[in-house]
Each structure stands twice: as C-alpha cells, then as structure tokens.
Amino acid sequence: MIDRIFSALKTCGIEDYQITMTKEESAELFFIKKELDMQRRKNVTTANVSAYRVFEEDGVRFRGVASVSVQESQTQQEIEKLFSDAYYAAGFVKNRYYDLYAGTKEELVEVKSTLSEKTLSETVQGFSQALFAEDVHEEVFLNSAEVFARCCTTHIINSRGVDVSYRKNRVWGEFVVQCVDGQDVETYQDFAYDDWNTDALQEKVRGVMDLTRARAKAKTAPAAGEYRVILTGGYVKELMQYYVGRAESSMIYQKYSPFSAGCDVQGDGVLKDRVNLTMKAVVPFSGEGIPMKDRELVKDGKLMMIHGGNRFAQYLGIEPTGDFGGCKVPAGKVSLDELKAQPYLEVVNFSDFQMNDFTGHFGGEIRLGFLYDGEKVVPVTGGSVNGNIFEAQKTLVFSKEMQVEKNFEGPRAVVMERVLVAGV
Amino acid sequence: MKVKQSEYLKRVKPALVKLRDRLLSEFPYASLLAQDSTAKSYSVSKTSTGIGMDAMLTGRGFVAKVYDGTSYAEYSFNELSEDRVEEIVAAVKNGLIPMSDRLPEGVKKSCYAMLADDPLVFEDSTEYEIDPEEYGDEKIIGRLTKVSEAGRAFSDKVLDCHAFASYQKCSKLFLSKNRDMEQNVLWMCGGVDVMASRGEEVKDSYRGFSLLGGAELLDEIGENVGSVAQNALDLLSSEPIPPGEYECVCRPDVTGMIVHEAFGHGVEMDMFVKNRALAKQYVGKQVASELVNMHDGAAAAKEVASYFFDDEGIPAQDTLVIDHGILKAGISDAQSAMHLGTDPTGNGRRENYERKAYTRMTNTYFEAGSDKVEDMIASISYGFLLEEASSGMEDPKNWGIQCMVNIAREIRDGKLTGKIYSPIVLTGYVPDLLKSISMISDVSVLCGSGFCGKGYKEWVKVSDGGPYIKAKIRLG
C-alpha cells in the first residue's frame, strides 16, 4: 500500500506529508462469571496520511494540514481524490508556520517484551488463567472479565526524512469483582502489561477481591465537611496528571496554562512535600517519529521542561519531546502507617475520579473509603470528594511505599489536608 | 435529500456473499456486517485550526460472526476480495475457533441457541438538507472561524473560544442467510467552548449541538456563542456550593445526563445477564415519579443515534423503559436477549467494525410534561437551576449517582438571584431522585454532541435529553 500512497502523493503534487501505517492483530476473550461468552480476533491494517501546505496571506506564512484515512480497498483514483481534497483543505488551515520534524531512517524496533515469545492466543489464554486463578471463593468472585492481547506494528514516514517503525505487544483488559457477603457490591478494575506479568495480574485480582469484601461492609457515607484525604492506587496518577497537563506545550502556548520553564508548579505557601515527576516513554517513537526517552518534568516543585510535539515546541522555541504515555513519581519519606496515624478519609475507589487541568477541581463519588476518627477505622460509601488542587497542593505528602500501575510508577498514596467532602 | 448508498459496499457485495456462503458451509449460522464510513472533524481556536478524518469513525471493514453450535465467535478484518475469501475462512476456522480450546480451570464456553434469522431485506437512508462533503471544508472552517472570533471578541476576559464540528456519513450492510439489509446514515454535531481566566484558574462554558442531518447545524452553533461566552464570564465569580440537598430545576442537558448516566446504563440488559444491574429486580415496580415516561431507541427520535438496524442486524425500535414511573423494560443486544429469553430491542452497537457489540443506549430521554419553565422556577423557595452537564458515570449495580454540572444558578423566593456556584457534583440514590420529580416542562430538547463509553471504552454516538425537570438533588 505504501507504494500506492507515494504514487498518489506525487500525482497530487504534495511535497510535505506524514504517513502513519498501523497493522494490528489481536486475540480477545470475554467472560461472564465462569463462562466464555465470546471470542474474537482482529486483523486490520490502516494508514493515516497528513497533507501539509505552506501558504502566505498578507505577508504572513502559514502551514496548514489536513489528514485522511487510507485503506487497501480504496482504488488509486479514490486515494488521489482524498489526497487532492486534503491538500486543498490544508489551504484553509491558518496555523502559524512551522517546519515538519526532521529525522532519519531507522531499523524496525522490536520493543523488548516477554509477550513476543508467545502467540496472541497463548497470551490471552495465559492471562485468562492468571485472572481466574484467584476465583476460588463463594462470597467474592469474578463477575465478568475481558482480556485482549495485541501485536501492533507502527510505521511513520514523513517528507523530512523520518522513516521509523516499531512493533509492540501488549495485553490489557478489565474485570469486575462481585461480593455478596452482606451487601451485594462490585468493583471495576482495568489492567495492562507489556510483559508476561501474570503474577501481577493475579495479585491485582486478589487485591480487588479484598477491597470488594470491604465495600460489602461499608454502609454509610461520611458526614459532610473537610477531611484529611488519602488517595491511593491509580488516583495518585490521576492527580499528577494536573501537572503533566499544565506543562504541555500546546496548553502553555495557547495560554491555557500559566506554567513556564523554571516556574514553581505548586505556587506559594507549600507546607509539605514538593512534587517530583519524570515523564516516561512507553513507545520508542512519538506519533511524529520523535525518538522518545524518559525526561525529568518537575524537580522539587520546579518545572524542568515543557513537553509536547513538534509544532508547539517550535512556536515556543524549545526542543520537541514527543507525547508521553506515562510518568513516574519518586517515593515520599513517610510510611503509610505514619500517614494513617492521624484521622483521615482514605478513598480507595471512586465511581469516576475527575481531575480538571483548567479549573484545578478534582473529585468524584466515593464507592469505598475508610474513615479513621482517631479511634477506629470504618468503611464508608457514598458522598463525594470535591477538592481543588490549588489549595490541596500546599499539603501534599507522598507515601514511602511505591506502586506500579498502568503507565505509572509512584507512591502508593498521597495525603491532602482540608479537602471538602459532600456527605450525609 | 436522502443519503446515498456506498459505492464501495455495492462493489464488494459479491465477495461478501461468497464469504457468507463459505462460512455457512462450515457453520450453522454466519453473518457479516460491512461498514463504509467517512467522518471528519473541524476545529478553530485562537491559535489552532484543524481538519482531519476521525480515525475511530472512519473506515471500511467487516465483522464475520459465526456460531459453532454452542457459542459465538467474531473475526474483524478490513481487506476483502473474492480471492481472499478462503484466507478469511481459514483464519476463522484455524485461528479464531481454537482460542477456546484452553480455557482456565473451571471455565467453560457459554451455551447459546442459534440466533433468529427471519427474512429481512431492505435499504433505507436518513435525510439531510446540506451535505457537509458538498458544502466543503472551506465553508465549514470559515463558519467556525467566525464563531471563534465572535466568542473571543465578546470580552477581553475571554482567553479563547474553541468552535468545532464533526460529521459521520456511514453506510452499513448486514448479510446473513436470510437477511440483506443496507442503511446510510448522516449525522452532524458541533459546539462552542469559551474559556476565561481568573489568575491560575481557567473557567470554561460549553454548549453542544447535534442533529440527524448535515451542515444545516452550523447556523445553530453561531447563534449561541454569545450566551456561552457570557456564562464563561459569569463562572469567573462562581464559588463552590455548600453541600446539601436542594430543590433543583434541571435544564434538558442535565435531565439528559440523569436519564442516560444515572438510569439508562442500568437498563442495558447485558448488565442483567451479569447480575450487575439493580434494575433487573425492579421490572414492574415503581422507580420514578408517576410523571416520568422514559424512552430509548434508534427509532424513538431523529437524532445522532438513529439508524434502521443495529450492528447485529436487528431492526431499530422505540422502547418505553419507564411508563408513568413504572420500570417496564430494558434494552438489549441479540445475545443478551437470548440469554434472558426476551426479544432483542435493536440496541446491539459496536464502536466500529473492529469491536464487539454490546447493549448500548441510542436516543434516550424523558417525555415532555405540561409545566412551564417559569412556573417551575417560581415554585422554588430556595434551590438551584442546574445547567451544563459536564460528565457522568454509571453505577447500575447500586444506582449511585455520579454526575457533574458546570453551573448551579441560585433561586431564592422563586427568582434567579444571579449568583452562581461551580463546579457541582450530583450524588445520591437514583430512585430517590427520580421519585422526587414533581414538575416536568412542556419543552423538550435532545442533544448528542458527545459519545458514550461502556465503562472507559467502546465509544458510540448517543443523544439524550428531554424536558426541564424539578427534583430534590444532593449537591456538593
């Protein structure tokens, strides 16, 4: 297909372009209770072509772009029509001029993974075995689960020398644990692994079963008021996404974010921990073909770099880093036991946690929390956390204990003082 | 005018028929869903303009579904010709089917009957006034640029105004032994998002628009930019709300979020199969005020989730979910209906040909009532008018509410005071909220500017809405 794309680009007189070809194969199993409800396979190849056009108006240079999807089933005439229309449309996209990212031809990168030693069927079967290995109880069990194994080859070519490709295997999915001991409750959990980490999945299932047992015993919502709130698990990552989002080049260039290189991301009046954060590369090349590597984003509360793709990096006069898929936060200095020595509301499960980069608002409905009043710990459910990072970031304390989540490595818990909770 | 048939589907149909027949020679049941879809997105803000095809919604591809006498399996692919038929049959027989040979200990394959396959042959298309493809990228970008400029010119406190629109023209062909159906659907949606800043904080106000049709939608976006910009400015002086239970009037977009997130997900009957929905125990019982009638269906309204048959070849329907407060029925895909011994309701939907079909909502709404909006506001001594639904999450198992709205306008002694609170989290127990509905307006609006996920994936286009409703809601 690539030859047909090049031929059509030439016919249409398109000199600046980017082609992204993706070949994806997957094996998928869908379970309800202890039955396989559906099995699926996928084998698809797609290409996305961006046609760029440089033009001037009133002495100002612009670079416009329009993107189209191309498939093998299209005739050469159809592809040429698509490209010609895209090139024409790019002439109305008045974005300030920038150069396309310039790169070189690289050999195919096979992303190292123990998953590549197995077939997709073996992978999806192996992880399904791990998923069900803990499903041996009467009162708490897997309600349903989906497991996907995928092998994806991505090839990125542009008119300024980029010609890179990589192949990556991944297994991911989700499961729901139900507990009927007391109340009938459930917990949703997703997972993703880039290696044959079936032990980690089994441990995750075990942890979610424990959590769901606890939720079955939670009956009341916390009283409305201000709490010393502890967030754990994936919610630590979600909270950190505020800093990641605000440090993104397009947010800064468009003045949606006040961050600038070297700024103090936590503002004035920080009383507890300073934020440290490293962006983590999860693929060898970005969507524009930029080689990806881990980079320090925030050190002791200071913004060390602005991250993002080629266009906005050029506008800001900084190095393009590519778009990152993950991040790392170092361990804090205080143990979880110490963090829990004072009264707290620990929320371990929200129905849907939201972190708004613009307003700084974070929160969600509490599915399961543990309320410690200084004497006893009581499981709670209901009510909602309604906090704002602008205030909360002054009192952040990260746990010494670490966790490895999907595209995140960081402390297992973070504490914030005086967070508003709408309860009963 | 009616949306035209896909030339590609016409061209590839002989190969599809050959593949269907080959699969039927191997399996007792086989069906094929073919899709040819083009979707484009446009956006304009102060420093950025974009035109692109939407990868999730664009593409040509196929799903083969087969029944081996026990259960179902699917193969998604996007390259097909008559020469490749044997290759695909081999992939199904040798790659797909053996996947269930090694199941975890104690796990077995589900045992299903064969899907009903009563004869159905038809072709139909939705209607539009202006074809966005013919209208052209230049004019669409030009219109959105004017909207964006108008929003930015509204006040020097406005940071940016993002105007956007997208459309999908989608043709589908469903083939089984006895069914040969084709549909061609065009929808368009768009919106405007105005941002204003106060120190570190950026507040934004958003309004979405949609229709089953084409570029005629663009008029509506332009007409509303001023009110959205004013809301963004008003939000700069907003405060967090004191938590508590209040009498509220919900604008149709907030009504829609309650209908969809708080209740609609709970009547998706694949959740009944998994025992994940409390609603299963409430069929035939009162779950809402007697004033409430709720519908879902691709044939229940003409909006972005309208179609003629679903992704499993089941004709679209209008399902009366709640009848005067009584839960009458859920909605289902074909496989869930078989499991439960009910009739499928035409709600089996896929994100695209690459994905599995699940029970999904379509156009979901409460019926209009007879109250005037001004009477509803006047009836409140202290409470709020809730506007701008921003996000929501389902909890079918426990009927917990997790919805967020951007604006709560204070009502005191039956009048809006001008004071606003933001952001607002709605919590509580779904039947408590629905049973507290005491007034329903005579105006009703549906909108489908966004997508609905199943959990955190499987995005499909939906619309929701209805009238203004008055209810008691816990806000925080």
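User: What domains does the assignment of chain A give?

Analyst: In this predicted model, the assignment of chain A gives domain 1 (2-215) and domain 2 (225-422). The centres of these two domains, taken over their C-alpha atoms, lie 25 Å apart.

User: How do you know that domain 1 of chain A touches domain 2 of chain A, and how many residues does the contact take from each?

Analyst: Two residues count as being in contact if their C-beta atoms lie within 7 Å. The contact takes 21 residues from domain 1 of chain A and 19 residues from domain 2 of chain A, so the two domains touch by that cut-off. On the side of domain 1, strand 5 (140-158), strand 6 (163-179), strand 7 (185-193) and helix 4 (198-217) of chain A each supply at least two residues, and the largest share, four residues, comes from strand 7.

User: What makes up the side of domain 1 of chain A that touches domain 2 of chain A, in terms of nonpolar, polar and charged residues?

Analyst: That side divides into 12 nonpolar, four polar and five charged residues.

User: Into which domains is chain B divided?

Analyst: Chain B is divided into domain 1 (7-38 + 54-124), domain 2 (125-171 + 185-232) and domain 3 (244-475). The C-alpha centres of domain 2 and domain 3 of chain B are separated by 25 Å, and the contact takes 12 residues from domain 2 and 14 residues from domain 3. Strand 8 (179-198) and strand 9 (201-211) of chain B are the elements that give two or more residues to the side of domain 2 that touches domain 3; strand 9 provides the largest share, five residues. The residues of that side of domain 2 divide into six nonpolar, six polar and no charged.

User: How many residues does the contact take from chain A and from chain B?

Analyst: The contact takes 67 residues from chain A and 68 residues from chain B. Strand 2 (residues 35-57) of chain A gives the most to the side of chain A that touches chain B, with 13 residues, and the whole of that side divides into 25 nonpolar, 28 polar and 14 charged residues.

User: Why are strand 2 of chain A and strand 4 of chain B called paired?

Analyst: Strands pair if at least two bridges are found between them. Six bridges join strand 2 of chain A to strand 4 (residues 72-77) of chain B, so the two strands count as paired, and they run parallel. As one example, the bridge partner of A:Lys42 in strand 4 of chain B is B:Ser76.

Technical notes. Residues numbered from 1 in each chain as written. Chains lettered and ligands numbered in written order. Predicted model: local features only at pLDDT ≥ 70, side-chain atom pairs only at ≥ 80, totals over all residues. Nonpolar A, V, L, I, M, F, W, Y, C, P; charged D, E, K, R; others polar. Domains from an automatic or database assignment.
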